Amino acid sequence: MVCLPTYNERENLEPMVRALGEQLDLRQDRVLVIDDNSPDGTGQAADVLASELPWVEVLHRPGKAGLGPAYIAGFRRALAAGAELVLEIDCDFSHDPNDVPRLIAACEGDADLALGSRWVEGGGTVNWGTLRKIVSRSGSLYARAVLGVEVRDLTGGFKCFRRAVLEGIDLDAIAAKGYGFQIETTYRALRAGFSVAEIPITFVDRRVGESKMDGSIVVEAMLQVPALRYRALRGRL
Ligand SMILES: Nc1nc2c(ncn2[C@@H]2O[C@H](COP(=O)(O)OP(=O)(O)OP(=O)(O)O)[C@@H](O)[C@H]2O)c(=O)[nH]1
Ligand SMILES: [Mg+2]
């Protein structure tokens, strides 16, 4: 099950869903659009697609509540539907749908959790300004140092989980909404003893639509990293 969270992605939605369809085994794989009542009508566009394409489902949520809660709702739906692998991917083409099979293959191999990673050999970013690069790289370095883990790209949102990982981490306990959500799911997976593989990807800055990222998401993640470490040291994670 590919979880595709959307907020005002009207222009990107259909090309993204169709591009995913090219990469998936449509006899068994599904795309789940998780829309937070986008004012631009992305949710209705998703319904139209779902009525045409039997492998597309839509989860409508009442309003913008952040990426983390949207993903958790999507994960629950995927688990309830019996999904063996659950993917996360952004709907703005920053994550290349053509890379999906490599993430799936990693989880069909040894990895319990496969991360699309910008900061390993072979990975990188395109069209990113220097500031964005510095924020992202230093964010991952900081989280890595504080948490004491080897993973190089902790903030990315292109991931494939085996269902055991989502069942084995306490989804209800995750409060973070932005990058912190990505850091926390990976950290919890590592703490629970799951194997994490980093698959090199090239991240491309969004072509159309507006960014929903803002400073508060960065601050949330910065504060949350030491809190996570503290909870882990106290044996509460
Ligand atoms: N359902 C839902 N989706 C969201 C929310 N915030 C962001 N998204 C979606 O999550 C994905 C990532 O969000 P982006 O705004 O691209 O965040 P980003 O990649 O950090 O920043 P940019 O690429 O600069 O826009 C996109 O598909 C968004 O539409 C939200 O509150 N709810
Ligand atoms: Mg984006």
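Does Arg188 count as buried or exposed, and at what relative accessibility? In this predicted model, Arg188 counts as buried, at 9% relative accessibility.

**Figure 1. Arg188 in helix α7.** Arg188 belongs to helix α7, residues 179-191. Helices are DSSP runs of H or I with at least four residues, strands are runs of E with at least two, and both are numbered from the N terminus. Buried stands for a relative accessible area under 20%, exposed for over 50%, and partly exposed for values in between, with a 1.4 Å probe and protein chains only. Setting aside residues up to four places away in sequence, Arg188 touches Ile169, Asp170, Ala173, Ile174, Arg231 and Leu237. A contact requires heavy atoms within 4.5 Å.

**Figure 2. The buried side of helix α4.** In helix α4, residues 100-108, the buried residues are Val100, Leu103, Ile104, Ala106 and Cys107. These residues lie on the same side of α4 because they cover an arc of only 155° around the axis. The arc is formed by the directions from the helix axis to the C-beta atoms. An α-helix has 3.6 residues a turn, so residues three or four places apart point the same way. The partners against which the buried residues of α4 pack are α1 (10-23), β4 (85-88), β5 (113-117), β7 (159-162) and β8 (196-200).

**Figure 3. Two loop residues with positive phi.** Most residues other than glycine have a negative phi. Asn37, although not a glycine, has a positive phi of about 55°; its place is the loop between β2 (31-35) and α2 (42-52). Phe93 also is a residue other than glycine with a positive phi, near 65°. Phe93 is located in the loop between β4 and α4 and counts as buried, at 16% relative accessibility.

**Figure 4. Asp205 and its contacts.** Asp205 sits in the loop between β9 (202-204) and α8. With 27% relative accessibility, Asp205 counts as partly exposed. Apart from neighbours within four places in sequence, Asp205 is in contact with Ser94, Val126, Asn127, Trp128 and Arg132. From C-alpha to C-alpha, Asp205 and Glu220 are 22 Å apart in space, and they are 15 residues apart in sequence.

**Figure 5. Val219 in helix α8.** Val219 is part of helix α8, residues 215-233. Val219 is partly exposed, its relative accessible area being 44%. Along the chain, Val219 and Tyr179 are 40 residues apart, while 9.6 Å separates their C-alpha atoms.

**Figure 6. The chain that surrounds these views.** Eight helices and nine strands make up the secondary structure of the chain. Of its 237 residues, 51% count as buried. The C-alpha atoms fill a box of roughly 50 × 40 × 35 Å, taken along the principal axes. Among contacts between residues at least 6 apart in sequence, 80% join residues at least 24 apart.

**Note on conventions.** Residues are numbered from 1 along each chain as its sequence is written, and chains are lettered from A and ligands numbered from 1 in the order in which they are written. In this predicted model, local features need pLDDT of at least 70, side-chain atom pairs count only at pLDDT 80 or more, and totals for chains, interfaces and linings use all residues; side-chain values use heavy atoms, with hydrogens and water left out.
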